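Here is a short briefing on one protein model. Look over the sequence and the structure, then work through the points by topic.

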Amino acid sequence: MPDPDDATASRIRTLVEDFEQVLFEFIRKRQINHSEYRVATDLIVDSIKTGEETLLFDVFFEAEATDVGNIGREGSPEAIEGPFYLPGAPMLTGPLHVMPQREDEKGEPLLFHGTVLGVDGEPLAGVEVDLWHADADGLYSNIHPNTPDFNLRGRFTTEDDGTFRVLSILPPPYEIPKDGPTGKVLRALGRHFFRPAHLHVKLRHPDHEEMTSQLYFKGGEYLDDDVAKGVRDGLVIALHTVEDPARIAENGLDRPYIDARYDFVLVPASAARKPT
Ligand code: DHB
Ligand code: FE
């Protein structure tokens, strides 16, 4: 066995040389001349100048890489991270966690809850859940202007029985930024800019692989027509409206709320699949 550094160097060489070859073939096949070549490199430069480079790549390619990562992986499926994750979100106190939000945050109240388990079915305590999503106008804090810092971004840990409960608002389907270079490409392709409504989550536990997921809502718009092609069967959850006054009060609310449940399964740290 080569040492890890040699293995990494060899992997990099394989990937870069293969990518180079694929692009050579593409340039020949499509007879791409210098001015078309420059349009492509300018697009990448523009995406960096406008801070859209992650958006540009994620909207086209992230779902494919995520699918590859899910092959042969036990545990719940991973999903695209998207370009709007931020580390260092506030730690929330429990057991009923409340996402950082404006006093008059728009949107229907959402109770998102579930259990985090290991592949053996045992509940996992102390899993850090890092949750982030758009507001009722489809805006992400710290990304879109006029949103409070870390609004609708929060971290909390699972209880001794592996459960978690968090109150937030239901995010809507929303349009990804469309006024920059990414929008230009999508417009040229005749595509729209919508993603279905979704919650983003990362889970961390010392003995388990960190995982990134994203959950969508049954019956929602754009599930079959997501600009980022990120929706997968196991990631679409049912929503139930709760009108029972006792349950409303139990969750510190004063109006009906939407209940969404999902159980996550983490894989042990040692189970990471090596690329082939
Ligand atoms: C993309 C993903 C998101 O979750 C999001 O909010 C915006 C864009 C993307 O993959 O491009
Ligand atoms: Fe998103």
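Tyr 140 counts as buried at 1% relative accessibility. Buried means under 20% relative accessible area, exposed over 50% and partly exposed in between, using a 1.4 Å probe and protein chains only. This is a predicted model: local features need pLDDT of at least 70, side-chain atom pairs count only at pLDDT 80 or more, and totals for chains, interfaces and linings use all residues. Residues are numbered from 1 along each chain as its sequence is written, chains are lettered from A and ligands numbered from 1 in written order, and side-chain values use heavy atoms, with hydrogens and water left out.

**Iron site**

- The iron ion (ligand 2) has three protein donors: Tyr 140 (OH), His 198 (NE2) and His 200 (NE2), lying 2.0 to 2.1 Å from it. Donors are N, O and S atoms within 2.8 Å of the metal (3.2 Å for Na, K and Ca); water is not among the atoms, so sites may look incomplete.
- Tyr 140 lies in the loop between strand 3 and strand 4 (153–157) and His 198 in strand 8, so the pair ties together parts 58 residues apart in sequence. Helices (H or I, at least four residues) and strands (E, at least two) are DSSP runs, numbered from the N terminus.
- His 198 also counts as buried, at 3% relative accessibility.

**Gln 214**

- Gln 214 lies in strand 9. Its relative accessible area is 0%, so Gln 214 is buried.
- Its side chain reaches the backbone oxygen of Ile 80 at 2.8 Å. A polar contact of 2.6 Å joins the side chains of Gln 214 and Arg 195. A polar contact is a pair of N or O atoms within 3.5 Å; within protein, one must be able to donate a hydrogen and the other to accept it, and residues adjacent in sequence count only if both atoms are side-chain atoms.
- Gln 214 touches residues that include His 198 and His 200, not counting residues up to four places away in sequence. Contact means heavy atoms within 4.5 Å.

**Nonpolar cores**

- The largest nonpolar core has 48 residues. Such a core is a set of buried Ala, Val, Leu, Ile, Met, Phe, Trp, Tyr and Cys residues joined through side-chain atoms within 4.5 Å.
- Strand 9 gives the most to this core, with four residues.
- Leu 203 is among the residues with the most contacts inside the core. Beyond its neighbours within four places in sequence, Leu 203 is in contact with residues including Val 116 and Phe 264.
- A second, separate core has five residues, among them Leu 167 and Tyr 257.
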